[in-house]
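I opened this entry to record what I looked up, going from the whole chain to its parts. The structure comes first, then my notes.

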Amino acid sequence: MFSDLRERTQRELLDFAWRQWAQMGISANVAGADRWAIDPEALILFTIEIARRDPRLFDEMLDWLASAGRLLSMQRLRNLAARFPVNPGLVAAVLTWAGQHAPSLQSAKISLEQDQRHEYMPVFSPDVLSFVGEPDPAFAEYGYIRPRALRSGKSHGPDVRQPINLAFQLRHLFGPGSRSEVMRILLTFADGSLDAARISDEAGFAKRNVNDTLASFAASMVVKARWSGNERLFLAYRDKWATLLEVGPSAKYMPKFVSWVHLLPASLEIMAWLDRIAETTDSEYLIASQARDLMERITPSLEIVGLIFPPGRALVGAACLPAFAQTVESLLAAMNVEQPSGGR
């Protein structure tokens with residue numbers, strides 16, 4: 001059961017990553033046009049881990065960072081890194097390599113505690129790359145071993161006419177900071193208004209910073225603010241913005257909102273657990289108990305995404321395993337169903 005689920009989960013998560021990056025400008029023979037707006041920093045953190053199973057994806061991501069990294073927020077990437085099950089040392093190695101090839105990223109650093117560094121851990125799974133000739137010095141500095149990473153030179157900046165790249169269109173307008181992230185969330189969230197806490201959580205910036213941004217937007221009347229009891233809620237004038245950004249004549253053409261900062265870390269936790277289970281000799285009872293614990297840990301994040309699963313705590317023994325498999329199936333379906341292209 002878990003062997004097949006592990007292989008399919010890995011394949012579909014990699015397919016998802018390739019499809020997103022192909023629409024953002026990396027060299028890839030991948031078809032598909034999604035109607036959601038991607039979160040660039042969340043996708044990078046997700047790819048740093050999942051692409052350890054696909055060296056070409058990893059290196060094409062590096063090439064894109066060198067060519068289009070100026071559109072990223074390094075502060076936001078550092079803030080989000082703590083929420084992803086990715087070793088900070090590997091993130092630091094990626095940023096160090098990118099800084100050597102892109103002037104705009106030369107100041108991108110992640111501070112590491114001593115126990116976050118590794119003594120020569122391979123970047124890639126031995127299943128996909130078992131030999132390392134000349135190690136890359138940027139990665140070796142952080143205790144990671146991989147062949148020297150060379151730019152392919154095939155990547156280009158994102159085409160902002162594609163719905164998936166709304167974040168980059170807003171960054172061209174506002175710069176890669178809290179303003180562009182707050183507006184991406186408000187423009188794509190179609191289910192009503194949001195409070196500052198939720199916006200801050202999705203934006204990956206401090207609540208005080210987001211509050212200042214929201215106050216500025218409300219004062220300029222590009223965002224509507226209203227009180228609901230003691231809570232101040234915010235809503236973008238989405239129809240007007242759709243016309244301004246040439247998305248379409250109304251808000252229904254806006255890209256879809258997905259809570260990537262919750263969905264992508266949860267998917268990596270599932271993949272890591274499936275990897276561990278593949279090597280275990282634990283009994284079915286122990287595996288079921290671990291699966292229940294994992295479900296309890298990630299269900300709050302996936303509920304934010306809109307995925308509802310069987311309550312893990314109510315299931316005992318091996319009965320938890322089919323529920324876990326259903327959880328994984330629902331997550332993969334949410335990530336890999338192409339959206340109707342429409343719009344732009």
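My notes follow, grouped by topic.

**Whole chain**

I am working from a predicted model. I began with the inventory: the chain has 14 helices and five strands. Next I checked the radius of gyration, which is 21 Å. The globule rule gives 20 Å for 344 residues, so the chain is as compact as a globular protein of that length. I also looked up the extent of the C-alpha trace. Along the principal axes it spans about 60 × 50 × 40 Å.

**The three-stranded sheet**

I then turned to a sheet. In what order do the three strands of this open sheet stand? I read the order as E3-E5-E4, with antiparallel pairing. Strand E3 (194–195) and strand E4 (223–228) are at the edges. Each has a single partner strand, so one side of each has no neighbour in the sheet.

I took the E3 side next. E3 pairs with strand E5 (residues 231–236) in the antiparallel sense, over two bridges. I looked up the partners. Leu-194 has Phe-234 in E5 as its bridge partner. Asp-195 stands opposite Leu-233 in E5.

How many bridges join E4 and E5? I find six, again in the antiparallel sense. Val-223 has Ala-236 of E5 as its bridge partner.

I followed the chain from E4 into E5. The two strands form a hairpin with two residues between them. I noted Gly-229 in the turn, where phi is positive at about 65 degrees.

Helix H8 (residues 178–188) lies across E3, E4 and E5. H8 runs at about 80 degrees to E5.

I stayed with H8 and looked up its packing with helix H9 (residues 196–203). Their axes are 9 Å apart, and the angle is about 115 degrees. The range for roughly perpendicular is 65 to 115 degrees, so H8 and H9 count as roughly perpendicular to each other. The crossing is right-handed. From H8, the contact uses Glu-181, Val-182, Arg-184, Ile-185 and Leu-186; from H9, it uses Ile-199, Glu-202 and Ala-203. I sorted these residues by class: five nonpolar, no polar and three charged.

**Helices H1 and H3**

I moved to helix H1 (residues 2–24) and helix H3 (residues 55–68). They pack at an angle of about 25 degrees, with axes 11 Å apart. Why do I call H1 and H3 roughly parallel? Angles under 35 degrees count as roughly parallel, so H1 and H3 fall into that class. H1 passes H3 in a left-handed crossing. I listed the residues that meet. H1 brings Leu-14, Ala-17, Trp-18, Trp-21 and Met-24, while H3 brings Arg-56, Leu-57, Glu-60, Met-61 and Trp-64. The contact divides into eight nonpolar, no polar and two charged residues.

**Helices H2 and H4**

My last pair was helix H2 (residues 40–50) and helix H4 (residues 74–81). Their axes come within 9 Å and cross at roughly 50 degrees. H2 and H4 are therefore oblique to each other. I noted a right-handed crossing. Glu-41, Ala-42, Ile-44 and Leu-45 make the contact from H2, with Arg-76, Leu-77, Leu-80 and Ala-81 from H4. I count the classes as six nonpolar, no polar and two charged.

**Recap**

H8 with H9 is right-handed. H2 with H4 is right-handed. H1 with H3 is left-handed.

Definitions and conventions
Residues are numbered from 1 along each chain as its sequence is written. This is a predicted model: local features need pLDDT of at least 70, side-chain atom pairs count only at pLDDT 80 or more; totals for chains, interfaces and linings use all residues. Side-chain values use heavy atoms; hydrogens and water are left out. Two strands pair if DSSP finds at least two bridges between them. Helices (H or I, at least four residues) and strands (E, at least two) are DSSP runs, numbered from the N terminus. Contact means heavy atoms within 4.5 Å. Axes are lines fitted to C-alpha atoms, for helices over the stretch in contact, and angles run from 0 to 180 degrees between N-to-C directions. Angles under 35 degrees count as roughly parallel, over 145 as roughly antiparallel, 65 to 115 as roughly perpendicular and the rest as oblique. A crossing is left-handed if the near helix is turned anticlockwise from the far one by less than a right angle, and right-handed if clockwise. Ala, Val, Leu, Ile, Met, Phe, Trp, Tyr, Cys and Pro count as nonpolar, Asp, Glu, Lys and Arg as charged, and the others, Gly among them, as polar. The radius of gyration is taken over C-alpha atoms; the globule rule is 2.2 Å times the number of residues to the power 0.38.
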